[in-house]
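Here is a short tour for a first look. Keep the structure open while you read.

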Amino acid sequence: MSSQLSAPFSAFPPVVCLLGPTASGKTAAALALAARRPVEIISLDSALVYRQMDIGTAKPTPAELASAPHHLIDIIDPLDSYSAAQFVADAERLIGEIRQRDRTPLIVGGTMLYYKALTQGLNDLPQADPAVRAELDALAAGRGWPALHAMLAEVDPVTAARLAPNDAQRIQRALEIHRLSGQPMSALLAREAAARTFTGAADARYRVIALEPSDRAVLHARIAERFDAMLAGGLIAEVERLRARGDLHLGLPSMRCVGYRQVWEYLDGDCDYATMRERGIAATRQLCKRQLTWLRSTPERVSVDCLGGDYVAEVERAAGW
């Protein structure tokens, strides 16, 4: 155990995890909380880790980043990857370091896989295999991701049923696991869940507060407005700069981020501007739906209406601060 974590977790109050779907106001709430107490924010976001990707990830502005200490933002190049295992190691280290400074760690974001890995542990699925991924990328380039989704439906219908036909990253991962293990990912996960001892108690080291909309239509309208603001703010130029590097491509996790993939395809000439905009908004709404599904399967959460008049005060009360 590292020196930063020399004191037992139980000696401290639970770490507050502020989770929520895209456009639910997580950043604004976190900054408001940081203005009231000595908070350091640990990002729980698989897109904010990338440098040079600011507009499409809704990354906090330089002024916002300067207003409170932030961690796990701008830490890797878009050519590289960042795993849930890396997040867990980094987050646990940071929690210890922040507490040593007599400050309060606050985990904020919407990458639910990271939260699950942090609080429930990592699964034993096969590690990523670059050769298999390259083969699947080549197949997708020729046939399209819906065709690979159909392939997945043949070998793992349970996983395929919960994935959209263009959910490239998850389709690829499920096919990769099947090729490496010879078994459906859904079967491996079900076996692991059955083997895990379930006590019925949440991980007491963490307190999860979920920002959830009382009216999903309002959140959908926010998503459309925010994507339009990103386009007006230079998202296309940002993707053009990334393309100009010459070493990035749509097979990378970074370029599969919502918004970046759709703009990249637009720049490739695969669609017109209006279609790109529609696809970007639709993909963001699909992401929002997946995030809400994850949250609603998290019984330990305290739900706060992100559309409420003073939802920040509600979050603060739920945190016990």
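## Proline 21

Proline 21 touches Lys26, Leu211, Leu219, Cys288, Gln291, Leu292 and Leu295, leaving out residues up to four places away in sequence. The model is a predicted one. Proline 21 sits in the loop between β1 and α1 (26-34). Its relative accessibility is 0%, so proline 21 counts as buried.

## The annotated stretch

Proline 21 belongs to a run marked in UniProt. An unreviewed entry there gives a "binding site" annotation that covers Gly20, Pro21, Thr22, Ala23, Ser24, Gly25, Lys26 and Thr27. UniProt also lists Thr22, Ala23, Ser24, Gly25, Lys26 and Thr27 for "binding site", again from an unreviewed entry.

Glycine 25 is in the loop between β1 and α1. Not counting residues up to four places away in sequence, glycine 25 touches Leu211, Arg222 and Tyr311. Lysine 26 is in helix α1. Lysine 26 has 13% relative accessibility and therefore counts as buried, the cut-off being under 20%. With residues up to four places away in sequence not counted, lysine 26 touches Leu18, Leu19, Gly20, Pro21, Val108, Gly109, Gly110 and Leu211.

Is threonine 27 buried, partly exposed or exposed? Threonine 27 counts as partly exposed, because its relative accessibility is 31%. Threonine 27 also lies in helix α1. Beyond its neighbours within four places in sequence, threonine 27 is in contact with Pro60 and Glu64.

## The sheet

Six strands form an open sheet with parallel pairing. Their order is β3-β2-β4-β1-β5-β6. Strands β3 (70-71) and β6 (302-305) are the edges, and each pairs on one side only. Strand β5 (residues 206-212) runs parallel to β6, and four bridges join the two. Glutamate 212 stands opposite aspartate 305 in β6.

Which helices lie across these strands? One is helix α3 (residues 84-100), which lies across β1 (15-19), β2 (39-44), β3, β4 (104-109) and β5. Helix α3 runs at about 180° to β2. Another is helix α14 (residues 311-319), which lies across β1, β5 and β6. Helix α14 runs at about 160° to β5.

## Helix against helix

Start with helix α5 (residues 130-143) and helix α6 (residues 145-155). Their axes come within 7 Å and cross at roughly 120°. That angle makes α5 oblique to α6. From α5, the contact takes in Leu136, Asp137, Leu139, Ala140 and Arg143. They meet Trp145, Ala147, Leu148 and Met151 in α6. By type, the residues of this contact divide into seven nonpolar, no polar and two charged.

Next come helix α4 (residues 112-120) and α13. They pack at an angle of about 25°, and their axes are 10 Å apart. This makes α4 roughly parallel to α13, because angles under 35 degrees count that way. Met112, Leu113 and Lys116 in α4 meet Gln291, Trp294 and Leu295 in α13. Here the contact residues divide into four nonpolar, one polar and one charged.

## A covered helix

How many of the eight residues of helix α12 (residues 260-267) are buried? Six are, so the helix is mostly covered. The buried residues are Tyr260, Arg261, Gln262, Val263, Trp264 and Glu265. They pack against α6, α8 (168-181), α11 (235-244) and α13 (273-296). Glycine 269 follows α12, and its phi is positive, near 85°.

Two residues in loops deserve a look. Alanine 58 is not a glycine, yet it has a positive phi of about 55°. Alanine 58 lies in the loop between β2 and α2 (62-67). Alanine 58 is partly exposed, with a relative accessible area of 29%.

Aspartate 102 also has a positive phi, near 60°, and is a residue other than glycine. Aspartate 102 is in the loop between α3 and β4. At 68% relative accessibility, aspartate 102 counts as exposed.

Terms used:
Residues numbered from 1 in each chain as written. Predicted model: local features only at pLDDT ≥ 70, side-chain atom pairs only at ≥ 80, totals over all residues. Heavy atoms only, no water. Axes fitted to C-alpha atoms, helices over the stretch in contact; angles between N-to-C directions. Parallel < 35°, antiparallel > 145°, perpendicular 65-115°, else oblique. Contact = heavy atoms within 4.5 Å. Nonpolar A, V, L, I, M, F, W, Y, C, P; charged D, E, K, R; others polar. Buried < 20%, exposed > 50% of the residue type's maximum accessible area, 1.4 Å probe, protein only. Pairing = 2+ DSSP bridges. UniProt positions renumbered as here; feature names shortened; annotations may be inferred.
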